[in-house]
Amino acid sequence: MDRLRRNSGQWQEIIPLQKSNKTIPQPHHMENQTIEKADFTIDELEPNYYECTFDKCNFSGQSIGRVIFERCTFKECNLSLVKASNTSWLDVLFTDCKMTGINFTLSNRFGLSVEFRNCLLSYALFTEMKLKGTRFTRCDLQNADFMETQLPEAKFTECDLCYASFHHTNLEKADFSTARNYALNPAANRLKKARFSRYGLEGLLTGLGIEVVD
């Protein structure tokens, strides 16, 4: 039987809506994959990666905004001058990567957790980030920017910090005992219980404008 309804004194037929067979597209999700030698200056990134390994991939100069990397590893990748606007780094390891000038400052701060091993991080930007307990191991951090960064309990194991910028930086309980070439002003940074080698104390005195001679 036809279904009718009264509208402004007139009877009109009610036409039932047809169900669509079209499926709503879901965001792409890549999981437990090893991506080798991909060139993401040409190829498009998926929105979400979980427990993936990027091996010898090229991201140089790209904007990788809003991509989620969770429990991922980057090995021997080129991430120089990458812009990470709203990118999520959730338990991510970088090892043997070239990351000159990478800009982490606009990354998604929620759940941020990264570790760096044997990476070239010269001129990298970490300004105003919260990086409690972050580990840098045998990294080149020359001219890196840590101004107003939260780095309590961070470890700079055998890292080169020549001309790295620290100002209003929280370095409480940070470990610089095997780091080298750093210059820190104790009056401009929080250094309570930070660890330094006796051979690296010159870096603290230089930050105060004190000249050390043999």
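Visitor: Is Asp-55 buried or exposed, and how do I read that?

Guide: Buried means under 20% relative accessible area, exposed means over 50%, and partly exposed is in between, with a 1.4 Å probe and protein chains only. Asp-55 has 13% relative accessibility, so it counts as buried. Keep in mind that this is a predicted model, where local features need pLDDT of at least 70, side-chain atom pairs count only at pLDDT 80 or more, and totals for chains, interfaces and linings use all residues. Residues are numbered from 1 along each chain as its sequence is written, and side-chain values use heavy atoms, leaving out hydrogens and water.

Visitor: Which residue meets Asp-55 in a salt bridge?

Guide: Here's the general idea: side chains of opposite charge can pair when their charged atoms come close. The rule for a salt bridge is a side-chain nitrogen of Lys or Arg within 4 Å of a carboxyl oxygen of Asp or Glu. The partner of Asp-55 is Lys-56, at 3.5 Å from N to O. Lys-56 is partly exposed, at 39% relative accessible area. There's a network here too: salt bridges link Asp-55, Lys-56 and Glu-76.

Visitor: How many salt bridges does the count come to?

Guide: It comes to 6. One of them joins Glu-172 and Arg-190, whose closest N and O atoms are 3.3 Å apart. Glu-172 sits in the loop between S13 and S14, and Arg-190 in the loop between S14 and S15, so the pair ties together parts 18 residues apart in sequence. Strands are DSSP runs of E with at least two residues, helices are runs of H or I with at least four, and both are numbered from the N terminus. Glu-172 is partly exposed because its relative accessibility is 24%, and Arg-190 is also partly exposed, at 44%.

Visitor: What is Leu-191 in contact with?

Guide: Contact means heavy atoms within 4.5 Å. Leaving aside neighbours within four places in sequence, Leu-191 touches several residues, including Glu-172, Leu-184 and Phe-196. Leu-191 lies in the loop between strand S14 (175-176) and strand S15 (195-196). With 18% relative accessibility, Leu-191 counts as buried. Asn-170 is 21 residues from Leu-191 in sequence, yet their C-alpha atoms are 7.0 Å apart in space.

Visitor: And how many helices and strands does the protein have?

Guide: The secondary structure comes to 1 helix and 15 strands. Of the protein's 214 residues, 38% are buried. As for contacts with a separation of 6 or more, 2% of them are between residues 24 or more positions apart.
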